[in-house]
Amino acid sequence: QSMQQQQTEQLIPHILIHCAHGRGRSTTVMCAAMVKMGLFSHWEEALEQGIRPSRPVCKLNAKMRKNLEEWQRKYVDHVSAGVGVDSETKRKKGD
């Protein structure tokens, strides 16, 4: 391995999340965590590039995918567009 590859690998955190079967619930949490940590910009990218190469048995059901989509829209895309969650919450409360 080159020196650059070794440095890059040292920057990537090694995380273990344990679940009964390790295919759905833990995968859902890891998709969100990897996006939140800035390793990937979208949960599907985290799934396909960050998780599945090491754990091909991972499967997300329709509800898990829907929840990740909503989470991505509300907490990632919305915030990166310059509108913070805090300002949205204040608007709803009328502050």
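This note sets out numbered points on the predicted model shown above.

1. Basis of the note. In this predicted model, local features require pLDDT of at least 70 and side-chain atom pairs count only at pLDDT 80 or more, whereas totals for chains, interfaces and linings use all residues. Residues are numbered from 1 along each chain as its sequence is written, and side-chain values use heavy atoms, with hydrogens and water left out.

2. Overall architecture. The protein chain has 5 helices and 0 strands, where helices (H or I, at least four residues) and strands (E, at least two) are DSSP runs numbered from the N terminus. The order of elements from the N terminus is α-α-α-α-α. Of the contacts (heavy atoms within 4.5 Å) between residues at least 6 apart in sequence, 46% join residues at least 24 apart.

3. Burial and surface. The chain contains 95 residues, and 25% of them are buried; buried means under 20% relative accessible area, exposed means over 50%, and partly exposed lies in between (1.4 Å probe, protein chains only). The accessible surface of the protein chain is about 7,100 Å², with 53% belonging to carbon and sulfur atoms. Accessible areas come from the Shrake-Rupley method with a 1.4 Å probe, and for residues only the protein chains shown count as cover.

4. The buried face of α3. In helix α3, the buried residues are W43, A46, L47 and I51. Viewed down the axis of α3, these residues fall within an arc of 100°, so they line one face of the helix; the arc is that of the directions from the helix axis to the C-beta atoms. The buried residues of α3 pack against α2 and α4 (62–80).

5. V35 in α2. Residue V35 belongs to helix α2 and is buried, at a relative accessible area of 6%. Leaving out residues up to four places away in sequence, V35 touches F40, S41, H42, W43, A46, W71, Q72 and V76. V35 and E45 are 10 residues apart in sequence, and their C-alpha atoms are 8.8 Å apart in space.

6. Q72 in α4. Residue Q72 is located in helix α4. Q72 is buried, with a relative accessible area of 0%. Its contacts, not counting residues up to four places away in sequence, are with V35, S41, H42, W43, D77 and H78.

7. H42 in the α2–α3 loop. The loop between α2 and α3 holds H42, which is partly exposed at 21% relative accessibility. Apart from neighbours within four places in sequence, H42 is in contact with V35, E69 and Q72. H42 and V76 are 34 residues apart along the chain, and their C-alpha atoms are separated by 8.4 Å.

8. Nonpolar surface patch. A nonpolar patch on the surface is formed by I15, I17, V29, M37 and L39, which together have about 390 Å² of accessible area. Patches are made of residues with over 30% relative accessible area and no salt bridge; like charges are joined within 9 Å, and nonpolar side chains (Val, Leu, Ile, Met, Phe, Trp, Tyr) within 5 Å. One of the patch residues, M37, lies in the loop between α2 (25–36) and α3 (43–51). M37 is partly exposed, with a relative accessible area of 40%.

9. Salt bridges. The count is 2 salt bridges, each defined as a side-chain nitrogen of Lys or Arg within 4 Å of a carboxyl oxygen of Asp or Glu. One joins the side chains of R52 and E48 at 2.5 Å, N to O; R52 is partly exposed at 22% relative accessibility, and E48 is partly exposed at 42%. Another joins the side chains of E70 and K66 at 3.3 Å, N to O. Residues E70 and K66 are 4 residues apart in helix α4, and are therefore separated by about one helical turn. E70 is partly exposed at 34% relative accessibility, whereas K66 is exposed, with a relative accessible area of 52%.

10. Cysteines. The structure has 0 disulfides, a disulfide being a pair of cysteine sulfur atoms within 2.5 Å. The sulfur of C31 has its closest cysteine sulfur in C58, at 8.0 Å, which is too far for a bond. Both cysteines are buried: C31 has a relative accessible area of 0%, and C58 has one of 3%.
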